[in-house]
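Please keep the sequence and the coordinates in view while reading.

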Amino acid sequence: MKPKNYMITHASEEVKNNRRVYPRRDANCPVIARVRQREREGETSVPCWLVNLCEDGCLLTSDYFPHKVEDVSLTIPGITQKVRGKAKSQGKFTINVKFAKLLPNETVDMVARIKTIPHS
């Protein structure tokens, strides 16, 4: 009897080839995102939280994101320049950002160590 060749048997090979190059690091710091919607000229400032970060992208969360975000410019504590990127995907309260240029490994590690301290 000949074994059947289903797509499920080939899925594991595709997953192995599409592994992440840069590991995500957990982050928990506030950032300001200047976002531009598709087919619009102006930008909007949105206060948000950096959830995780790697050299080529990050995940942001906020209650105030407009619909159909295309361009993102981030002001991250500890980095003097703005970090620019494109929105890869957008959920109801999250945006997955892919950076235009790779961040240095030292910068990513430094930002991942930032922790907020609640006022007492």
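What percentage of the 120 residues in the protein is buried? In this predicted model, buried residues account for 32% of the 120 residues. The accessible surface of the protein amounts to about 8800 Å², and carbon and sulfur atoms contribute 53% of that area.

The fold may be considered next. The protein contains 2 helices and 6 strands, and from the N terminus on these elements follow the order α-β-β-β-β-β-β-α. Among contacts between residues at least 6 apart in sequence, 58% join residues at least 24 apart.

In soluble globular proteins, nonpolar side chains tend to be buried together. Here the largest nonpolar core comprises 25 residues, of which Leu50, Leu60 and Leu74 touch the most other members. Two or more residues of this core come from each of strands E1 (25–37), E2 (43–54), E3 (57–61), E4 (69–75), E5 (83–90) and E6 (94–99), and likewise from helix H2 (105–112). E1 supplies the largest share, with 5 residues. Leaving aside residues up to four places away in sequence, Leu50 touches Ala27, Asn28, Cys29, Val31, Cys58, Leu59, Leu60 and Val111.

The largest pocket remains to be described. The space within it is about 210 Å³. Its lining consists of Ile79, Gln81, Lys82, Val83, Arg84, Ala100, Lys101, Leu102, Leu103, Pro104 and Thr107. By class, 6 of these lining residues are nonpolar, 2 are polar and 3 are charged.

Key: Residues numbered from 1 in each chain as written. Predicted model: local features only at pLDDT ≥ 70, side-chain atom pairs only at ≥ 80, totals over all residues. Heavy atoms only, no water. 1 Å grid on protein atoms, 1.4 Å probe; cavity = no way out; pocket = protein on both sides within 12 Å on 5 of 7 lines; lining within 4 Å. Points joined across faces, edges and corners; volume = space filled by probe spheres on them. Nonpolar A, V, L, I, M, F, W, Y, C, P; charged D, E, K, R; others polar. Helix = DSSP H or I, 4+ residues; strand = E, 2+ residues; numbered from the N terminus. Buried < 20%, exposed > 50% of the residue type's maximum accessible area, 1.4 Å probe, protein only. Contact = heavy atoms within 4.5 Å. Areas by Shrake-Rupley, 256 points an atom, 1.4 Å probe, with all protein chains shown as cover. Core = buried A, V, L, I, M, F, W, Y, C linked by side-chain atoms within 4.5 Å.
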